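Hello,

Please find the structure below.

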Amino acid sequence: KTVIYDPALTLGLPVQISAASGMNAIAHCVEALYAADGNPINALQAEEGIRAMAFALPRVAKAPGDIEARSDALYGAWLAGVSFATTAMGLHHKLCHILGGTFNLPHAETHSIVLPHAARYNRAAAPEAMARIARALGAEDAPRGLYDLEAKLCLELRLSGIGMPHE
């Protein structure tokens, strides 16, 4: 099978979907960094994936037609896919799949909203992963850096905002 990463094919994708999908890719990298079956090469790919996405997504949001920004985002997405494909899913993805399936929530948006909270929950158990995430984001604190990036991208920050019932 072949996968083609062509930034021209993403130009018609709305900014909000691009941003939420990019955060979903970052979530793949985050989980790869603290996966029990991770390895040093995988960690390098995941950290670089976060860095690439954090660099590209604000540029895509500011200028949706910027082909270089979208190309950089696809580079990050490829790294996210490669790093996540070789490791096991963790708490973040398990929660998102249950919430999304149970309440029919949109996939990328659910992952985006849950990500900083899952990272915060796992912070003490995965300090090396959190240091790599923070470094890739240019932040002092990984969960706060993830949340701030989402806020900068004007993404929804609450599950209720994407249809999660209060009860």
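Helix packing

Helix 1 and helix 2 (residues 40-62) pack with their axes 9 Å apart, at an angle of about 165 degrees. Helices here are DSSP runs of H or I with at least four residues, numbered from the N terminus; axes are lines fitted to C-alpha atoms over the stretch in contact, and angles run from 0 to 180 degrees between N-to-C directions. The two are therefore roughly antiparallel (angles over 145 degrees). The model is predicted: local features need pLDDT of at least 70 and side-chain atom pairs count only at pLDDT 80 or more, while totals for chains, interfaces and linings use all residues. Residues are numbered from 1 along each chain as its sequence is written, and side-chain values use heavy atoms, with hydrogens and water left out.

Helix 2 also packs with helix 3 (residues 67-85), at about 150 degrees with axes 7 Å apart. That makes helix 2 roughly antiparallel to helix 3. Residues in this contact (heavy atoms within 4.5 Å) include A46, G49 and M53 of helix 2 and A69, A73 and G76 of helix 3.

S18

S18 lies in helix 1 (residues 15-34). At 9% relative accessibility, S18 counts as buried (under 20% relative accessible area, 1.4 Å probe, protein chains only). Leaving aside neighbours within four places in sequence, S18 is in contact with L13, L57, V60 and R70. With R70, the side chain of S18 makes a side-chain polar contact at 3.1 Å (a pair of N or O atoms within 3.5 Å, one able to donate a hydrogen and the other to accept it; residues adjacent in sequence count only if both atoms are side-chain atoms).

Regards

Note on methods
Buried means under 20% relative accessible area, exposed over 50%, partly exposed in between (1.4 Å probe, protein chains only). Angles under 35 degrees count as roughly parallel, over 145 as roughly antiparallel, 65 to 115 as roughly perpendicular and the rest as oblique.
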